[in-house]
Amino acid sequence: MTIYWERCDWCGTYIGVKRCYLQPSDNICPTCCILCRKRSECPNPAWSPWLKTAKPKKTNIRIKSKI
Ligand SMILES: [Zn+2]
């Protein structure tokens, strides 16, 4: 699986991103993937492998939505 190092299309953070399975035109960061409302119904979340190794704490998640 390829990881791109560019801007997240959802939150604008410059970080390693992966192509969203549900929206192939978008590159998303781990945070956005985790917070995605469709994650529960996504058959292949882009960042599922990452989630198995790192357990994000909701209190530490920061989204730059004011960009
Ligand atoms: Zn993001």
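Colleague: Let's start with one residue. Where is the place of Trp47 in the chain?

Modeller: Trp47 sits in the loop between helix H1 (30-35) and H2. Keep in mind that this is a predicted model.

Colleague: Okay, then how far should I trust what I see? What is the mean pLDDT of the chain?

Modeller: The mean pLDDT is 80, and 67% of the residues reach 70 or more. As a general idea, where pLDDT is low, the predicted coordinates should not be read in detail.

Colleague: Got it. In what order do the elements of the chain run?

Modeller: Start at the N terminus and you read β-β-β-α-α. That comes to 2 helices and 3 strands.

Colleague: Back to Trp47, then. Is Trp47 buried or exposed?

Modeller: For burial, you count neighbours: 20 or more other C-beta atoms within 10 Å makes a residue buried. Trp47 has 25 C-beta neighbours inside 10 Å, so Trp47 counts as buried.

Colleague: And which residues is Trp47 in contact with, leaving aside its neighbours within four places in sequence?

Modeller: Those are Lys18, Pro30, Cys33 and Ile34. Take Pro30: Trp47 is 17 residues from Pro30 in sequence, yet their C-alpha atoms are 5.8 Å apart in space.

Colleague: Which residues make up the largest nonpolar core?

Modeller: The largest nonpolar core has 10 residues, and Trp47 is one of them. Among the others are Trp10, Val17, Ile28 and Ala46, along with cysteines including Cys8, Cys20 and Cys29. For the whole chain of 67 residues, 22% count as buried.

Colleague: Let's pick one of those cysteines. Where does Cys20 lie, and why does Cys20 count as buried?

Modeller: Cys20 lies in the loop between E2 and E3. Cys20 counts as buried because it has 22 C-beta neighbours inside 10 Å. Leaving aside neighbours within four places in sequence, Cys20 is in contact with Asp26, Ile28 and Ala46. Also look at Pro45: Cys20 and Pro45 are 25 residues apart along the chain, with 7.1 Å between their C-alpha atoms.

Colleague: What share of the contacts with a separation of 6 or more comes from residues 24 or more positions apart?

Modeller: In this chain, such residues account for 24% of those contacts.

Colleague: One more loop, please. Where is Gly12 found, and how many C-beta neighbours does Gly12 have inside 10 Å?

Modeller: Gly12 is in the loop between strand E1 (4-7) and strand E2 (14-19). There are 14 C-beta neighbours inside 10 Å, so Gly12 counts as partly exposed. Gly12 and Ile28, 16 residues apart in sequence, have their C-alpha atoms 9.1 Å apart.

Key. Residues are numbered from 1 along each chain as its sequence is written. This is a predicted model: local features need pLDDT of at least 70, side-chain atom pairs count only at pLDDT 80 or more; totals for chains, interfaces and linings use all residues. pLDDT is the predictor's confidence in each residue, from 0 to 100. A nonpolar core is a set of buried Ala, Val, Leu, Ile, Met, Phe, Trp, Tyr and Cys residues joined through C-beta atoms within 7 Å. A residue is buried if 20 or more other C-beta atoms lie within 10 Å of its own, exposed if 12 or fewer, and partly exposed in between; C-beta atoms are placed from the backbone. Helices (H or I, at least four residues) and strands (E, at least two) are DSSP runs, numbered from the N terminus. Two residues are in contact if their C-beta atoms, placed from the backbone, lie within 7 Å.
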